[in-house]
Amino acid sequence: MFGKIAIGEQDFAKMRENHYFYIDKTDFIKEWWENGDTVTLITRPRRFGKTLMMNMLYHFFSVSHAGRGDLFEGLAVWKEKDCRMLQGTYPVIFLSFADVKADNYLSAREGILQELTDVYNQNAFVLHSDRLTAQDKEAFIKVNEDMSDMTAARSIKRLSSFLFKYYGKKAVILLDEYDTPMQEAYVNGYWDELADFMRKLFNSTFKTNLYLERGILTGITRVSRESVFSDLNSLAVVTTTSGMYESSFGFTQKEVVHALADFSLQDKAMDVKRWYDGFRFGRCDHIYNPWSVIHYLKYREFAAYWANTSSNRLVADLIQQAGPGIKAAMENLLGSKPLRVIIDEQVVFSQLDENENAIWSLLLACGYLKASEYHLNEKGRKEYVLEIVNFEVYTMFEDMFRNWFASCITAYNDFVRALLSNDVQMMTAYISRVTASVISHFDSGRKPSGKTEPERFFHGLVLGLMADLNDKYMITSNRESGLGRYDVLLEPRGSMDDGIIFEFKVFDPDGESELSDTADAAVKQIIDKNYAAVLEAKHVPKDKIRVYGFAFEGKRVLIHGGYLQELEKQ
């Protein structure tokens, strides 16, 4: 029987001493050690057990926990004689950049210096050793919150040498959430400064450090080698699609089945699967989100526990400000249509503004999308088939798209109601308010383009409609029907509701005298190109099909339309 559940506990010793719920992941120790890689970078989504794993490694290897084999008794690693001999035998330097979240470079630098200073303070006992020279001790004392960049860059390398002199053994270095400061730097506009600082720190710590036995870095993203790991050729990179350590993070199907049975919840297995399964690491399918599963076991209610644990600002901003192609792809993903795309799993933050496909790398690394397939194409580039992971992530995207209209939620809700009731005049009034309020937010990136404002906005509107009307309609955009491609189509899920088609047009002063001409032209295009064919093929009668032409000039919007059968008679 599993023990009681402690939400958020990341201290391995406390977990074991208090008999808290814990799924044994200690076989990672044997696998990692026997692989022999000098430095390993492991990327996994947030809340997938990375910090607890690093804390476990600290308790296993650190000389400060020598003789604490009791913490590992009964676990997989303790069944291995060779592994038991390793417990408590190495000096370990354990750092975390999890709390380095700042809106400017100086504050971020200060946070990193504090972390470096803290780890020095934890090892201040070496100052009392005659194995360190006076020069060593002087260098030790220079590491403080006022140190120079050069001193900071060399600090972990020097601490490794001090510990080597003290213990006679090289150090194991653990750095958790290495990329948190870099994500913050990108969002807040100080990427170049921080990347330069981190590059010097990482190269000194993990490349030129003669006193390094082994090292592990964990994070969410694989930041590009050019950004911070230049010339670090010994780095073994393990991403979500890598074959190594596939089941070491997250819960497997077998582990979840056993946990549900021990908490007498086996009858909820299919619901738990729908909500929290769907991740894939390497070749290992059916990895469950551990954070959400643990919360469900404790509270016995289904909710988006993981999706709501932190801000999704970076992802939301990138999708909102992206061009219509990215929004259209998101529409397909929400409609359960997989996305085929060529991407590089290393996230080059400097390219997120230039290369829109880079957003898929970020969404994959963050755990919002999974790679159901990936292979090398004929040009030797990796091609991925991406899908939304599970229902929990689906609800997160729905909330994100609704929030795009938060500044004018009343007008937006009124527009949806007017649309459902075929009140064209009120549709125009309400959508005009929405457009005036939020259109700039859909084109507020670093390289805005006036030409794409309407299309960006209306693809954003479609995503909002998908979030709000998904129970009543299957919503698609830019699909073939009749003699062309419609802009947006709402196919009713029930026989009582109308089918709806939208066509968007920008006012052309060379060919149209006023905005109403543009709206009429949009309606005419729907009729002339028979966009309703797809609805009629689904047995939606013509007297239950409505068509609307949206015409806009800047932030001005005009809508014409109504029932197709009546419009065809005019």
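These are my notebook entries on a predicted model of one protein chain.

**Ground rules**

I number residues from 1 along each chain as its sequence is written, and side-chain values rest on heavy atoms, with hydrogens and water left out. Because this is a predicted model, local features need pLDDT of at least 70 and side-chain atom pairs count only at pLDDT 80 or more, while totals for chains, interfaces and linings use all residues.

**Confidence**

I checked pLDDT, the predictor's confidence in each residue from 0 to 100. The chain averages 90. Of its residues, 96% score at least 70. Over residues 445-452, pLDDT stays under 50. For that stretch the model has 9 contacts beyond four places in sequence. I take contact as heavy atoms within 4.5 Å. Where pLDDT is low, the predicted coordinates should not be read in detail.

**Cores**

Next I went to the nonpolar cores. Such a core is a set of buried Ala, Val, Leu, Ile, Met, Phe, Trp, Tyr and Cys residues joined through side-chain atoms within 4.5 Å. I call a residue buried under 20% relative accessible area, exposed over 50% and partly exposed in between, with a 1.4 Å probe and protein chains only.

The largest core has 148 residues. F202, W360, F397, F415, F502 and F550 have the most contacts inside it. Beyond its neighbours within four places in sequence, F415 touches M427, Y430, I431, L461, L465, F550 and I559. Another core, of 31 residues, lies apart from the largest one. Among its members are Y22, I29, L52 and F72.

**Salt bridges**

My criterion was a side-chain nitrogen of Lys or Arg within 4 Å of a carboxyl oxygen of Asp or Glu. The whole structure gives 23 salt bridges. Helices (H or I, at least four residues) and strands (E, at least two) are DSSP runs, numbered from the N terminus.

I opened E255 and K25 first. Their side chains meet at 2.9 Å, N to O. E255 is in helix 11 (residues 253-262) and K25 is in the loop between helix 1 (12-17) and helix 2 (27-35), so the pair ties together parts 230 residues apart in sequence. E255 is buried at 18% relative accessible area. K25 is buried too, at 8%.

Then I took K165 and D136. This salt bridge spans 2.6 Å, N to O. K165 is in helix 7 (residues 149-167) and D136 in helix 6 (residues 134-141), 29 residues apart. K165 counts as partly exposed at 34%, whereas D136 is buried at 12%.

K544 and D498 came next, at 3.2 Å, N to O. K544 is in the loop between helix 22 (533-537) and strand 18 (545-553). D498 is in the loop between strand 16 (488-492) and strand 17 (499-506), 46 residues from K544. K544 is partly exposed at 21%; D498 is buried at 10%.

I also noted a network of salt bridges linking E17, R68 and D70.

**Rings**

I paired rings of Phe, Tyr and Trp (its six-membered ring) if their centres lie within 6.5 Å; planes under 30 degrees apart are stacked, over 60 edge-to-face and the rest tilted. The structure holds 45 aromatic pairs.

Y178 and F229 form a tilted pair, 5.7 Å centre to centre with 45° between the planes. Y178 is in the loop between strand 3 (171-176) and helix 8 (180-188). F229 is in the loop between helix 10 (225-228) and strand 6 (235-238), 51 residues from Y178. Both residues are buried.

W306 and Y368 have ring centres 5.7 Å apart and planes at 50°, so this pair is tilted. W306 and Y368 are both buried.

**Charges over rings**

Here I required NZ of Lys or CZ of Arg within 6 Å of the ring centre and within 35 degrees of the ring normal. R46 lies over the face of W306, 4.6 Å from the ring centre. The charged end of R274 sits over the ring of F391, 3.8 Å from its centre.

**T240**

Last, I looked up T240. T240 is in the loop between strand 6 and helix 11. It is buried, at 7% relative accessible area. Leaving aside neighbours within four places in sequence, T240 contacts T43, R44, R280, F281, G282, E345 and L364.
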